[in-house]
Structures are given as C-alpha cells and as structure tokens.
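Colleague: Could you walk me through how to read a few features in this one? I'd like the general idea each time, then the case at hand.

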Amino acid sequence: MKTDAFENRIWLSAPTMHGDETKYVEEAIRTNWVSTEGENLVKIEELVRERLGCGYAVPLSCGTAALHLAVKLSGLKRGERVFCSDMTFAASANAVLYEGGIPVFIDCEYSTWNMDPIALERAFEAYPDTRLIICTDLYGTPARYYEIKRIAEKHGAVLIEDAAESMGARYGNRNAGTLGEYNVISFNGNKIITGSSGGMLLTDDGKASVKARKLSTQSREAAPWYQHSEVGYNYRMSNIIAGVVRGQLPYLDEHVRRKKEIYLRYAEGFKGLPITMNPYTEGEMEPNFWLSCILIDENAMAEQIRGETEGRYVTDSGKSCPDDIFDTLAQFNAQARPIWKPMHLQPLYRENSFVTAEHGWDQSEDKSVSADIFRRGLCLPSDIKMTSAQQDKIIRIVKSCFS
Ligand SMILES: *Cc1c(COP(=O)(O)O)cnc(C)c1O
C-alpha cells in the first residue's frame, strides 16, 4: 500500500491522528480494559456532554446504530411514515426501514442544501399523521432548525438530528448534535474527528438514554441470569475505539478551524469562475466546514448524462461538469466525491413519496432542488493535512476544466 502515489494522494477527508490516541489505547490494552467498559468510555461521555451541551451521550458502535436506536426511541410503529432529508447519506433513511417505517423524502433548499421547511410544511399537509422527522446537516452545515423545530412542534412530531457530518458546527446558541430530541454523531474514518469507527446517541432525556444503553447491550433485564423481554442489539462501543475518540476530542476545534481555512481558500481561489461554494446562512449558523463543495452555474454546465451506475459527458470549451472535474482531479491523484445521490433517485427508494416546495412534483421532469444539486455539485478534497501548495494545485486543476 505504501506506494508514492498513495503517500502523495490529496484526500477528500482522511483521519488525522495527533498522538494522544496511542496513549489511551495503550492504557486500555495494558490494563486489559479492551471490552465495552472502561475509563475511555466514561471520559468520552463526559467530554462530549461538556463540549456539545447535552444531558446524556451513549457511546455506540457507529452512527448508523445510533440512528437505529433513535428511531426505536421515537416509538415509531410498523407502517408509519417518517419525513427524511432527501439529500443525505442512505444511513439516515435506512434506519426507518430497519423498524418497518416508510420514509417520505423532503426536498432540500438552495440556501443550506438541507431539508426545506416549506417542503416539510407541505408534507404535513399531505400526511398530517406523521410523527417523526429525521433531518441531516449536510456536509457540516446545520439545517434551518428554527423553522424545522417550529413545524415539528406544531404537528407534535419528534425530531431526530443526523449530525454525523456536523459535529463542531453551531446553530443559533446551540451545538449541532443537540437540536433534536434524539441526535446522532459519528466517529467514522472520514468524519471531522474519528475513532476509526464509532458513534453516539445524544439526548437530554435521561430515561431514553437508559433505554438506549439497554438496547445496545442485547436488552438484558436486571436478573441473575440472562433474562430478555424485548429484542436487543450488540451496538456498544469498545473501550479501545473510545481511546481513539478520547485522543481526538481535544482537537475538534482545531479541525474545524482548518476546515474553514480550506473552505475560505477555495472560495477566494474560485473568484471569477462560474461556480459557487456549498452555502450557509451567516449569522444564523456556523458550519464545521467538513467538506468544501462546489456548484457549477447552469450556463457553464457541459453536457453530462448519468445512468444508473455509469455516466458520460462531453468536454466543451469554457464549460465543465462535476464528472469532468472529478476525473481530471483523479488524474492528478486527488480525491473528489460526487454529491450524495438524493434518496428519491435511489432504486431502493424510488417508489417512496417525495415532497418538494413547488406543487406538482413530476417524476418525468425532475425539477427538484436535490436533483439539481446532485447534477451540478461536487465535493472537493477537504483533508486538513492538505498543504496550501496542494490546495492551490486543486484550484488550478478546477480552473483548467473551464478553459
Ligand atoms: C457517516 C454518516 C452516517 C453513518 O455514520 P456511521 O458511523 O458511518 O455509521 C449517517 N448519516 C450521515 C449523514 C453520515 O454522513
């Protein structure tokens, strides 16, 4: 694996270790506390509670497990609908399927790329009995929770915040990961900080946190023997993973600062090009800038045709498209990533309802915001170990695509 090409690669967002991780992992191994109990687990609960400002933090094997438990805690019953962000990673919506629920997808808005409150209102008009919303903070930018929470409260719905990508971001005077009743963060390898894997369920509801702990450890009842009254899961985080997380947590703010520098440098470097960066509403929120993304102006889009599993495009002078930029960056050993393909376009979810802010959603002519951002957008290398010289190279390559 240790080829030059691998060493010199400019990554989308790779783990960045600082050294303290080794200390905590070694300590766990030296003392034999390698299983699902130990000081690292206790410490990261405390550190996350303090940093994010939540009542309870339950360490789990991954963010997906946290999403699953959040859906269970919401009390969702089989056959009930759940309003989900359309523009997200599939794990957010899959958790609904695990519990036999029916995701209804809500289009995103141009101002944050997150769930559009107007579309959410329309969804409640169409399905007034819905009692659960799962809202993603895309690429580290919080959704507009002032509106979303107001709508949720009006309809008596529970809100789950999928903050897997937005740890370290802020919305109003609250931190991402504390905006819903149940909230999810992830320590997956490419997130803003990592445990190599892992995740957490965050909540202010003490009873719910006890329930989540029980569900995550196979739902053992209090009895001398293995007594079970309900289905359980093996979702607990290990004290080794917690050691890596413990070493990373003090560096969260430093990572956010570096991510923001990268975002601002791109924004500056792209001045004069027919592209904009992934937006946020200033004053209302402060993203963690996890991934820097671009959106190509419509009039600068070269023709790009995407089938189910492969695509084609024509290179056109003065114009480009995400797949062209992706391929050109790959030639220079730099890792970009297409925008998440929206859920309403996934074969798994194509039959599910999809609600946009505009009336008259028509599958034959997809005018949704999420489909448009998928078509014109791209995630750029955003790794915090990238040097200024490397980032300048990325900027030059992107420029060259439009020449
Ligand atoms: C990464 C991610 C998840 C899943 O987290 P894991 O820890 O990988 O299970 C869920 N939702 C979103 C939006 C993500 O980006």
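Modeller: Let's start just past a helix end. α7 is followed by glycine 156, and the phi of that glycine is positive, near 60 degrees. Keep in mind that this is a predicted model.

Colleague: And α7 itself: which of its residues are buried?

Modeller: The idea is to go by relative accessible area, where buried means under 20% and exposed means over 50%. In α7, which spans residues 145–154, Tyr145, Ile148, Ile151 and Ala152 are buried. They cover an arc of only 130 degrees around the axis, so they sit on the same side of α7.

Colleague: What does the face turned away from the buried side carry?

Modeller: There you find the exposed residues Tyr146, Glu153 and Lys154.

Colleague: Next, glutamate 109. Is it buried or exposed?

Modeller: Same test as before. Glutamate 109 counts as buried because its relative accessibility is 6%, and the cut-off for buried is under 20%. Its place is in the loop between β3 (102–106) and α6. Its side chain makes a polar contact of 2.4 Å with that of arginine 144. Leaving aside residues up to four places away in sequence, glutamate 109 touches Asn114, Met115, Asp116, Pro117, Arg144 and Val369.

Colleague: How many salt bridges are there?

Modeller: You look for a Lys or Arg side-chain nitrogen within 4 Å of an Asp or Glu carboxyl oxygen. By that rule the count is 25. One of them pairs arginine 246 with glutamate 39 at 3.6 Å, N to O. This pair links distant parts of the chain, with arginine 246 in helix α9 (residues 239–248) and glutamate 39 in helix α3 (residues 39–52), 207 residues apart. Arginine 246 counts as buried at 12% relative accessibility, while glutamate 39 is partly exposed at 46%.

Colleague: Which residue forms a salt bridge with glutamate 45?

Modeller: Arginine 213, with the closest N and O atoms 2.9 Å apart. Glutamate 45 lies in α3 and arginine 213 in helix α8 (residues 206–216), so the pair ties together parts 168 residues apart in sequence. Glutamate 45 is buried at 12%, and arginine 213 is partly exposed at 25%.

Colleague: Which residues are linked in a network of salt bridges?

Modeller: Lys211, Lys214, Glu221 and Glu230. Within that set, the side chains of glutamate 221 and lysine 214 meet at 2.9 Å, N to O.

Terms used. Residues numbered from 1 in each chain as written. Predicted model: local features only at pLDDT ≥ 70, side-chain atom pairs only at ≥ 80, totals over all residues. Heavy atoms only, no water. Buried < 20%, exposed > 50% of the residue type's maximum accessible area, 1.4 Å probe, protein only. Helix = DSSP H or I, 4+ residues; strand = E, 2+ residues; numbered from the N terminus. Arc of directions from axis to C-beta. Polar contact = N/O pair within 3.5 Å; in protein donor to acceptor, adjacent residues only side chain to side chain. Contact = heavy atoms within 4.5 Å.
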